Structures are given as structure tokens and as C-alpha cells.
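Here are my notes for you to read alongside the model. Have a look at the sequence and the fold, then work through the points in order.

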Amino acid sequence: MNEKRKTAMSRSKNMSRVKSKDTKPEIFLRKLLWHEGFRYRINFKDLPGKPDIFIPNHNTAIFINGCFWHVHENCKLSTIPKTNRDFWEKKLKGNVERDKKNIKKLEDMGINVLVIWGCEIKAMEKNEEVMKRKVKELIKEIINRDKK
Ligand SMILES: [Zn+2]
């Protein structure tokens, strides 16, 4: 292999590592759902809010929301920074409002919407019992809501 090519390859490997780090909670959940037999589309652009996961067979959209950016109520990962407080309050409030609008749009289209918080995924990653329980709950929600 020539040197140039090798460099390009290792660079792309590094980049993919960085990227997968950014989206780790999504990947974790996707793998679990895939393992449970669900087939889905990711970052589905045709739907409001571009759901992280969309399961056509169950007409279910799943958002994996970071606790800070999407303001998870009563969560210790969701705090407004003390500096530039006004800016952050406005910014985060805007995110929450946009989320609400997108969820409403999806529900009006007859799509079931599930929101999973970053802290829930973290808890799942840390503890297998929590993970199993959450997966069971999640499957129930995907399947039950579908029958409604
Ligand atoms: Zn949280």
C-alpha cells in the first residue's frame, strides 16, 4: 500500500471514530432494537423533526434527546449555564418549543412518538438489569401504541 493511501485510510478511520463518539447513545439504542428484530430508518428526513429512529412496521418515531439540549425536566444533566444565562434560556426554550411542534405534527400524522433521554441511555449502558427492563418497556410501548 502506498503511503498516501495509508494516510487517507487512517484519517478516515479517525474521523469515523470521532463521529461515532458523538452519536453513541443512538447507536447503542439502534443495536438493541435491531437485536430485538425491529427494522428501522435512521435520521428520517421525510418526517418532522427528522426522528433518530423510525420504525415503519409500527409507525413509531423515536427521538433520542440529549438532556441538556432538549431540557430534560428534573434531570441533573439539564442545567442552564450561569454565564450568558439569557442567551441559553432563550436558546433552550426554542429547542423545547420546536420539539413540541414536531411531536404534535407527527402525532397529527398518526405516528407514535417516543422520546428517550440521554440519561436513560447512560443508565442502560451502565447496568444490564436497567437495560433489560428499559428495553422491555420500550418494546411494549412500540407494540402497544401501534395497536391503538
Ligand atoms: Zn436526563
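1. Take the contacts in the protein between residues at least 6 apart in sequence: 55% of them join residues at least 24 apart. Two residues are in contact here if their C-beta atoms, placed from the backbone, lie within 7 Å.

2. A word on what you're looking at. This is a predicted model, where local features need pLDDT of at least 70, side-chain atom pairs count only at pLDDT 80 or more, and totals for chains, interfaces and linings use all residues. Residues are numbered from 1 along each chain as its sequence is written.

3. The protein has 5 helices and 4 strands, and from the N terminus on they run α-α-β-β-β-α-β-α-α. Helices (H or I, at least four residues) and strands (E, at least two) are DSSP runs, numbered from the N terminus.

4. How much is buried? Of the 148 residues, 16%. A residue is buried if 20 or more other C-beta atoms lie within 10 Å of its own, exposed if 12 or fewer, and partly exposed in between.

5. Now find helix 3, residues 85–108. Its 24 residues reach 34 Å from the first C-alpha to the last, close to the 34 Å expected at 1.5 Å a residue (the expected span is 1.5 Å times one less than the number of residues). Helix 3 is hardly covered, with 1 buried residue among the 24. Just after helix 3 comes Gly 110, with a positive phi of about 85°.

6. Next, helix 2 (residues 24–35) and helix 4 (residues 118–126): they pack at an angle of about 60°, axes 10 Å apart. Axes are lines fitted to C-alpha atoms, for helices over the stretch in contact, and angles run from 0 to 180 degrees between N-to-C directions. Helix 2 and helix 4 are therefore oblique to each other (under 35 degrees is roughly parallel, over 145 roughly antiparallel, 65 to 115 roughly perpendicular, and the rest oblique). Pro 25, Phe 28 and Leu 29 of helix 2 meet Gly 118, Ile 121 and Glu 125 of helix 4 in this contact.

7. Two asparagines deserve a look. Asn 59 has a positive phi, near 50°, though not a glycine; find Asn 59 in the loop between strand 2 (53–55) and strand 3 (60–65). Asn 74, also no glycine, has a positive phi of about 60° and lies in the loop between strand 3 and helix 3.

8. Are these asparagines exposed or partly exposed? Asn 59 is partly exposed, with 15 other C-beta atoms within 10 Å, while Asn 74 counts as exposed, with 5 C-beta neighbours inside 10 Å.
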